[in-house]
Amino acid sequence: MRTLALSLAASCALGCPSVSMYRSAEPVPAGRWQASLLAGAGALADRETGARTPTGYGALGLQRGLTDDVDVGVRLYTVGLSALATVRFVHRGSWSVALAPELSVVRTPNTSTTTNAFHLFAAATVPVTYRASRTWAFSAGPSVGGGVYLPEAGGSSGGMWLGAFVNAEARLGERWWLVPEVSGYNVVVGDVPLRGGLFTAGLGLRFGF
Amino acid sequence: MRSSFTLLAALALLAADVGCLTTLDPCSRAAPGASLECPIEGVFDRAFSIRVPARWDGVAALPVIVALHGGGGNRRSAESVTCPSGAPGEPGCLSAVAAAAGYALVLPDGTGLRPLRNVRSWNAGGGRDGWQCVSRGACQSNVDDLDFFDRLLAAVARVVPVDRRRVFVTGLSNGGAMSHRLACERPDVVAAIAAVGGTNQHAVAGGRCNARVPVLQVHGVDDPCWGYETRTATCAFLEEGRKVGVDDTLAAWRTLNGCGATARDEALPDAAPDGTRALRRTWAGCAAPVVHLRVDGGGHTWPGGHQYLDVDTVGRVSRDFNASEEIVRFFDANPRP
């Protein structure tokens, strides 16, 4: 039983897309880099089958500020990769609003739980960030995304989801930030990655240089 | 800007490194000894493996055994669970036993869960009047696995010539229950079935069984996942409801197959000191045979096969006999008239 549960959790961590968001409407400063380590856990539920599965994720990220309002970056998951960007279009006082698109590809191997397949995902998040102080900033926003599942055995399926996130960014010294976050989404069309919803809570650690 | 270019170049390289997906090509005519992985036209994300006997002449119609995986498994586990140490290719695996007897072995995929797409199941029936829907994914989604079976056989027939009098179905657990359902609903196609650790949930939950089909039922008395007697039994954390027991399932088949009330019991040799003993019960006077291999001390396992989970979870594997050999002998003796 324990083996099965661990296997399910581990496999989902391998196969799941960027279920976490860790976005901010404040781009990385122009000419600067920011590395991040993201990890979290949660649960997903399939409405049709009633299956509830524990899940987890881990990712390494790297972002680069291009201008005061734009950054680009990549995130590397265990078997997946995302390209992301932040484009700030509102900056008034302590408030920022941005568009944060993301493209992901996940490659799963043939295992006891995953198929030999590609999973392609695209998502757009609109983070709204309030900077309370030099130490604290709070971000939240909606997200819309879609995905396609392409297995080796043939055919494809797709899905679209709506989601949201809330995170807090706490500055630790000059170069480090700690970012706890909760996020969730619900698949509204199709069955990728499932016919249901997902909720996660996690922690990000950022390092600027 | 140069740094950004470097970042994008790194991204492109990483994307390339993720690797290209190779989709399965449609299988053409197989040669003797071939081992192929084949897609099924018009079927999403479900393929089958086929093992063709080496001593086939490449021309004659082949008898076919369709082996169905258990709930949560896939076509690979359907093969490995029958192997003594879980490694396909070993002597004693169903694939080896079937090949030696001249059968093509077909191992299809059930329907995958979401998002764990290789955790698969069959819609073997149940889901009403307190009977467990087995297994949950495919059954809850009401997958049409009868249509899938028809498409599967059509796809197999494009790979090897099929001896229509000798199409047999076997499987463990959910695959065993699906074997019963196919016997009930495709008696014009299925010559005989051998179910291991899975019974006729389809019939007990109101499904019809349309004609006589020879049945071999292999079941462990200490099976914690699919109880020997009708009761709630499960070793997966999502399952609820009763599963029909061996006696009820075989009583229904005895009635349908026209068996008499008497049976002949034969104890199999206690060949291994593994805490199990096996008894073969053969009912007399049947128009189509009903045979039961009762494994005292046996669990939710394939006798002679792999201890795929620990004994506390699924019970013991009996080493007193090899279920694959018993099954192939039973199929040898029961072609369609």
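## A hairpin in chain A

In this predicted model, strand 10 of chain A runs into strand 11 of chain A by way of a hairpin of 5 residues, where strands (E, at least two residues) and helices (H or I, at least four residues) are DSSP runs numbered from the N terminus. Strand 10 (residues 176–190) and strand 11 of chain A pair in the antiparallel sense over 11 bridges, pairing being taken to require at least two DSSP bridges between two strands. Within this pair, A:Asn186 has A:Gly197 of strand 11 as its bridge partner.

Strand 11 (residues 196–208) of chain A also pairs with strand 1 (residues 33–46) of chain A, again in the antiparallel sense, over 13 bridges; here A:Phe207 is the bridge partner of A:Ala35.

## The open sheet of chain B

In chain B, 10 strands form an open sheet with mixed pairing, in the order 1-2-4-3-7-8-9-12-11-10. Its edges are strand 1 (35–39) and strand 10 (263–267) of chain B, each of which pairs on one side only. Neighbouring strands are turned by 15° against each other on average, direction ignored, with axes fitted as lines to C-alpha atoms, for helices over the stretch in contact, and angles running from 0 to 180 degrees between N-to-C directions.

Strand 10 of chain B pairs with strand 11 (residues 277–283) of chain B in the antiparallel sense over 5 bridges, and B:Arg264 stands opposite B:Thr282 of strand 11.

## A helix on the sheet

Helix 10 (residues 323–332) of chain B packs on this sheet, touching strands 3, 7, 8, 9 and 12 of chain B, with contact meaning that the C-beta atoms of two residues, placed from the backbone, lie within 7 Å. The direction of helix 10 makes about 160° with that of strand 8 of chain B.

## Conventions

Residues are numbered from 1 along each chain as its sequence is written, while chains are lettered from A and ligands numbered from 1 in the order in which they are written. As the model is predicted, local features need pLDDT of at least 70 and side-chain atom pairs count only at pLDDT 80 or more, whereas totals for chains, interfaces and linings use all residues.
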